[in-house]
Amino acid sequence: MRSVFAALHADVVWEPETKTVIGRKGYTVVTLKVGSKQAIVNGKKMALDAPAEVRGGVTLVPLRFVGEALGADVKWDAKTKTVRIKSAEALAAERKQKLKQEPAKPSAKLTPAEIVERNDESVVMIATNRAQGSGVVISPDLILTNYHVMDGATSGHAVMINDRIYEIAGVIAYDENADLAIIQTKEPLPAQGVKFGSPNSIAKGDTVVAIGSPHGLRNTVSEGLISNIIRENGVTYLQTSAPIDSGSSGGGLFNESGELIGITTSGYQKVNADLNFAVSIEHVHRLLLQIASGEANTAAFLPSKLPSTLKGASESEIVKLLEKEFAYVQTSQGTAEIKDWQAKRDAEGWLVLTANIDPLFYTYYIESSREELRNWAINLGLTVSGLLPDEAVELIVYYDRTFDFKPRGLNADEVTDLGNGKWKVRYPVIHLQVKEQLHIETRF
């Protein structure tokens, strides 16, 4: 059992009390119980030709079922009585090598107007109870978008260019690291799936067209170039000068042949250059493989990263949640770290949350990130208040930094003499209060 799961790059757990095998790889969880001819894959029951067994103290599992459930190709060679298995990683490597060996066939170049005519009806606006973004139709009932567009949502719909609205059933495959998700609609869409371009044909300087819904302005079109190709944390990003904005997330980036080569995901705001990014289409193929092989989940909204309530939670438990879910703020200028979290209930019954913002980020980037930090604070306050509806919540984020001189122009209680020529500056930059209403003041 263990060598099979290890070879397929999966983790495995053996529960001796229930004689149950649990294998996990990525988003796929396979559960097998010794003696049972029924397995469970991602919560779905599936029949087995042969059950798992224990022989001579060794646990044996049905090889074909386990292999295929984890995305592998399993072959039986009757002549040599040999089972041959290719893991999902090996299959992906073969496909990648084949693409490299087969140069992309040049396609006819289209004008921006022709690219839009070909794809406009296949780009939709996505509206959930948490966010607004964009999506690209890849089959009659499947839409490709960003993971962060669906993160935290419990309901949503897709709006087509003709104003027709289609309810979303949920997400069936996703890659959080690559910020990609494939969602399914409850009924088919009257649109053709877009054509995918080859990742190997993308080059700096190529002309591209972006289609999305910035600020809810449906199917807005912009044109630009591939400015750079960047690989970070295992993800390939296409840097483009095609302008995008909030709400463009999940939209399509198309090459001159009208083929989808990326999903627009983020950009720098209030800068002179057009610095925008799309996730390369190469990361979509793994999700499509999950769907084609039957590994994809039943359509459901993404599991919440937050508990259903914080009632009864200790102050240290609340701090752990804040450190896990609210310690970093993604802004157009980079990531702002919020650290040194504390939580305490004061004499008046308020839950007071305090933390410090990275002083260097505050010094250099606060002007261009003020709205994003303000929205982060409001979201945090409303989230905690929703998990503790009977409590008043106060959030204070401080600027805290030590200097080799005494800074001037600050209030007396904001500067502390530490001795040895050191001076500590500390003052609140965000002060938010939530009870029946919300109040926020900032020092940006």
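Which residue in E11 is the bridge partner of alanine 127? I looked it up and found glutamine 132.

**Ground rules.** I am working with a predicted model, where local features need pLDDT of at least 70, side-chain atom pairs count only at pLDDT 80 or more, and totals for chains, interfaces and linings use all residues. Residues are numbered from 1 along each chain as its sequence is written, and side-chain values use heavy atoms, with hydrogens and water left out.

**Barrel.** I traced a closed barrel of six strands, E10-E11-E12-E15-E14-E13, with antiparallel pairing. The twist averages 45° from one strand to the next. Strands are DSSP runs (E, at least two residues), as are helices (H or I, at least four), numbered from the N terminus. Two strands pair if DSSP finds at least two bridges between them.

**Pairs.** E10 (residues 123–128) is joined to E11 (residues 132–139) by five bridges. Four bridges join E10 to E13 (residues 156–159). There, threonine 128 stands opposite glycine 156. E13 and E14 share three bridges and run antiparallel. Histidine 157 has glutamate 167 in E14 as its bridge partner. The E13–E14 hairpin has five residues between the strands, and aspartate 163 takes a positive phi near 80° in it.

Contact means heavy atoms within 4.5 Å.

**Serine 241.** I found serine 241 in the loop between E18 (235–240) and E19 (252–254). A polar atom of the serine 241 side chain lies 2.8 Å from the backbone nitrogen of leucine 225. Leaving aside neighbours within four places in sequence, serine 241 has contacts including Glu223, Asp274 and Asn276.

Notes. Axes fitted to C-alpha atoms, helices over the stretch in contact; angles between N-to-C directions. Polar contact = N/O pair within 3.5 Å; in protein donor to acceptor, adjacent residues only side chain to side chain.
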